[in-house]
Every structure is written in C-alpha cells, then in structure tokens.
Amino acid sequence: MVTVRIMSIYLILFIILSYLVWIRCIYCQHRRAFFKSLKHVMNVLSSRDTNCSEISALIVTAHPDDECMFFAPTIIRLVELNVSVHLLCLTEGNYYKQGAQRKQELLKSCAMLGIPSSSITIVDHNKLPDDPTAEWSIPLVSSVIVKHIRAHSFNLVLTFDGKGVSGHANHRAIHKAVSHLASTGQVPNDCSLLSLVTVGLFRKYISFLELPISWLLPSCLCCIVGSRGYRQAKAAMLCHRSQLLWFRYLYITFSCYMFINTFQMIPQEPKNLKIY
C-alpha cells in the first residue's frame, strides 16, 4: 500500500515536471518561429516579402490599461523585433472622472512596454464614452479607426475579438467596427487585421499553464513572453495606479494574457476584382 502511494506521488511529480518542460520547449520554439509567423501574416495580403522593419502595427483599444492587461505579450514581442508599434485608445477612461490621471498612466505604461508617446493617440469624443452600458456608434468608431489607419499607413491592425476578452461592450464595439471596415472593403489592400482570441474563464486564470492549450489550438499568430516579459507587463500594469484594486493584483498574478496572446485573422472583402 505504501509502495503504491509512493509510486503515485512519483507519477504526479513526473507529470508536473513533464508539463513544465513542455511549456519551456514551446517557449523556445516560439522564440525561433515568431518572426516567420509574423511574416506569414503580413504576406497573406501582400504580393511581396515583408520585413519586420517595414511593419507598422496599430493596437486599437478602448481604455487606458487595455494595452497591458490584454496586449502586453504582443507589444513586447513586436517591439523586440523593431516593429513600429502604435496605440489608438478610443477613450480617456473617464468613467469615474479620472480621465486626466488615466491618460498619464497610459503614457507611462506604454513607455514601459516600449511605445513612445509620439506613437500614442487618445480619443476624447463625447459620443464614445467610457461606459460598459453605452452602445457606441459602429459607423463613428469605424470612421475614427480607418482615418487613423490611412493617415499613418498601418499595415497591421490588432484589436479585440467579438467577445472582447472581458466582455466589455466598448471592446466588442471596436471589433464590430473593424469587422465592418473589413467586410465593406474600406481597409487598405496591404493591411492585415487580427483579433485577440478570448479564452474561457478557467483557461484565462491558470497563468502560464495555459500556454500549451493556446499553442495547440489553431491561430494565425501567437505571441508568448517568458519571465522577463512578464515582469515588463507587470510593471506596465502597475503604472495604472488608479485601477489597482485588489482583484487587479489577482489578475496580474493569474491571467494568461500576461504571458500569451493568440490572434485570428479578420476576413476582408476582396477588392479590385474584375468581373467579366
């Protein structure tokens, strides 16, 4: 009986150790393959080979702190490859009348992630309030986003998917707006549109242990950071001092979005088709 218990303990330890080694192997493989995956995403809509130095990426978010809560691994990995990364935040985060403070927190957070203040645009529009109960005008959001894309010639746009990761109405509105642009052919021909995959509640809060699950599931781009990247993402989160309630510390500790982002391509309507 004692022997069986000892063997069971050894088996459990072996499984745990094997799982951790698997995670390490995935991380190492990702470090080697990320550049190739990114080039593949960029070349889907482009007829020529695209180098990382030619990529101009736009992260579209709804509130200050979205950039580090949800997109930190992506921003960190893109900056490491010398990709030009920009942020478009559609509100100042003024739900609790803290807009001025949250704007400064956003600038500090982005600096921590590697985005200079010159690459940050914060929208303050009375018809786009920071409010989970507000229904944003999709045509208005679409107009703001597409004007920004065209003005800066971005060829990669990353934003939320239809579930908005946290389910926030403002997040979902951005996805609807970008999908509208894609379906109506308003996006430049060489611009790839990606949406951040929302994972279920259990997967969301098992930290880096979620990594193999996302790695095995199909996606067009996967961004993973290790312990160093996690510390950088954590430091960016801590810049948002006005938002550091007790549950935010739990999020920083347990959320898989501090370690990994996976994206799906937002399908675009073909343009310049000739009909005979």
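Helices α5 and α6 are roughly perpendicular to each other, because their axes cross at roughly 70 degrees and angles of 65 to 115 degrees count as roughly perpendicular (under 35 is roughly parallel, over 145 roughly antiparallel and the rest oblique). The two axes come within 8 Å, and α5 passes α6 in a right-handed crossing. A crossing is right-handed if the near helix is turned clockwise from the far one by less than a right angle, and left-handed if anticlockwise. Axes here are lines fitted to C-alpha atoms over the stretch in contact, with angles from 0 to 180 degrees between N-to-C directions. Helices are DSSP runs (H or I) of at least four residues and strands are runs (E) of at least two, numbered from the N terminus.

The model is predicted: local features need pLDDT of at least 70 and side-chain atom pairs pLDDT 80 or more, whereas totals for chains, interfaces and linings use all residues. Residues are numbered from 1 along each chain as its sequence is written, and side-chain values use heavy atoms, without hydrogens or water.

In the contact (heavy atoms within 4.5 Å), I138, V141, S142, I145 and V146 of α5 meet A173, I174, K176, A177, V178, H180 and L181 of α6. By class, this contact has nine nonpolar, two polar and one charged residues. Ala, Val, Leu, Ile, Met, Phe, Trp, Tyr, Cys and Pro count as nonpolar, Asp, Glu, Lys and Arg as charged, and the others, including Gly, as polar. Helix α5 (residues 138-152) also holds K147, which counts as exposed at 59% relative accessibility. Exposed means over 50% relative accessible area, buried under 20% and partly exposed in between (1.4 Å probe, protein chains only).

The table gives their axes.

| Helix pair | Angle | Axis distance |
|---|---|---|
| α4 and α9 | about 170 degrees | 8 Å |
| α9 and α10 | roughly 165 degrees | within 10 Å |

Helices α4 and α9 are therefore roughly antiparallel to each other. S109, M112 and L113 of α4 make this contact with Q232, A233, A235 and A236 of α9; these residues divide into five nonpolar, two polar and no charged. Helices α9 and α10 are likewise roughly antiparallel, with a right-handed crossing. Here Y230, K234, M237 and L238 in α9 meet Y249, Y251, I252 and T253 in α10, a set of six nonpolar, one polar and one charged residues.

The aromatic rings come next. Rings of Phe, Tyr and Trp (its six-membered ring) pair if their centres lie within 6.5 Å; planes under 30 degrees apart count as stacked, over 60 as edge-to-face and the rest as tilted. The whole structure has eleven aromatic pairs. One of them is the edge-to-face pair of F70 and Y251, 6.3 Å centre to centre with 85 degrees between the planes. F70 lies in the loop between α2 (66-69) and α3 (72-80) and Y251 in helix α10, so the pair ties together parts that are 181 residues apart in sequence. Both F70 and Y251 are buried. Together with F71, F160, Y205, Y257 and F263, they form one aromatic cluster.

Which values of phi deserve attention? Most residues other than glycine have a negative phi. V165, however, has a positive phi near 65 degrees; V165 lies in the loop between β4 (156-160) and α6 (169-183) and is buried, with a relative accessible area of 6%. S207 has a positive phi of about 55 degrees. S207 is placed in the loop between α7 (201-204) and α8 (211-216) and is buried at 10% relative accessible area.
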